[in-house]
Amino acid sequence: MTTRIGIDAGGTLTKIAYWNENNEMVFDRFLSSDFQKVKEWIESNHPNASICVTGGRAEQLKVHFSSKEDIPYIVEFDATMNGVMYQMKQGSIEPKAAIIANIGTGTSIHIMQNNIHKRLGGTGIGGGTLLGLGMALTGISDFEEIIKQSREGSRTEIDVLVSDIYKNNKLPIKGTLTASNFGGISLNNSNNRSSSDLLAGVQGIIGEVVASLCIQVADAHQVEDIIYIGTTLEDNELLQQIIESYTVLKLKKPTFLDKHGYSGAIGALLENTKKY
Ligand SMILES: Nc1ncnc2c1ncn2[C@@H]1O[C@H](COP(=O)(O)OP(=O)(O)OP(=O)(O)O)[C@@H](O)[C@H]1O
Ligand SMILES: [Mg+2]
């Protein structure tokens, strides 16, 4: 039987979803900087597979398969939204309307309402920022190491809280909210910070920027549910925690899907499956 494969060639990572012989959906992942490896993996494991691709680097990936007939392509946002809906249905959750934030290399923000989706905006602050700013500040380039160290860090010396500014004054908003990400480094004029603290601070920027954008668009569209996806969240409890607590504080309902970064690949696989 022909194996059906969905591939999401993203800015940083290429995600793969396919059906195994037991008809279970399984997943794999490669760096987008090494498409040759993706090609080798397919040629040695699934040489006769039927493939559907999505993602910003789909055309770059296709070049490596020039000997094959033209590989079908599905628009990234369609694939991602279909992948999200599929996972929601699998988990028996299906909000009527939701904001969806894909925290990939950068972050893209969408609304899904009555099965119609629309891109509302985004920000360049995303997983690439975690890797890039993390590397610039600490020299650490490995994602897992960045995550591990950031978990051990403290943002006390890095950020300024509302309560730091309003010391003896009546607080106009919650004192534990961040008044300034990284503002503490200059205001405290202290050198008392470690790599872990800096990395925790970078996670803070990403989580708070993305969550506050989502909360604002959710308010503007009167939507309660916000679904956060993207591989940046994978095994990254600190980022999930930052996003969750801020989203809940602003009376919205955050959801994280199990297969954080695979929505696009799942959508491409479903597109590839429905034709047969
Ligand atoms: N092993 C890993 N190597 C590199 N980055 C990783 C790894 N694991 C998780 N990440 C994080 O995942 C992010 C990429 O997320 P994702 O796969 O959702 O984006 P993408 O699809 O490649 O990018 P985009 O959708 O913006 O084109 C990275 O920027 C990084 O923060
Ligand atoms: Mg992506």
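1. The largest pocket in this predicted model has a volume of about 740 Å³. For the terms: on a 1 Å grid over the protein atoms alone, a pocket is an open set of points with protein on both sides within 12 Å along at least five of seven lines, and lining residues have an atom within 4 Å of a point. Grid points are joined across faces, edges and corners, and the volume is the space filled by probe spheres set on the points (the probe is 1.4 Å). The lining has 41 residues, and the closest to the pocket centre are Thr 12, Leu 13, Lys 15, Thr 231 and Thr 232.

2. Who builds that lining? At least two residues each come from several elements, including β1 (4-9), β2 (13-19), α3 (76-90) and α10 (263-274). The largest share, five residues, belongs to α5. Helices here are DSSP runs of H or I with at least four residues, strands are E runs of at least two, and both are numbered from the N terminus. By class, the lining of the largest pocket has 20 polar, eleven charged and ten nonpolar residues; Ala, Val, Leu, Ile, Met, Phe, Trp, Tyr, Cys and Pro count as nonpolar, Asp, Glu, Lys and Arg as charged, and the others, Gly among them, as polar.

3. Now the domains. The assignment, automatic or from a database, gives domain 1 (4-77 + 262-274) and domain 2 (127-256). Their C-alpha centres lie 33 Å apart, and the contact (heavy atoms within 4.5 Å) takes six residues from domain 1 and four from domain 2. Both domains give residues to the lining of the largest pocket, so that pocket lies between them.

4. The second largest pocket comes in at about 310 Å³. Its lining has 13 residues, with Thr 176, Leu 177, Thr 178, Glu 208 and Tyr 246 the closest to its centre. Two or more lining residues come from each of α8 (195-220) and α9 (237-249), and α9 has the largest share, four residues. By class, that lining has five nonpolar, five polar and three charged residues.

5. In the contact, Ile 146, Ile 147, Gln 149, Ser 150 and Glu 152 of α5 meet Ser 195, Ser 196, Leu 199, Ala 200 and Gln 203 of α8.

6. Housekeeping: residues are numbered from 1 along each chain as its sequence is written, while chains are lettered from A and ligands numbered from 1 in the order in which they are written. Local features need pLDDT of at least 70, side-chain atom pairs count only at pLDDT 80 or more, totals for chains, interfaces and linings use all residues, and side-chain values use heavy atoms, with hydrogens and water left out.
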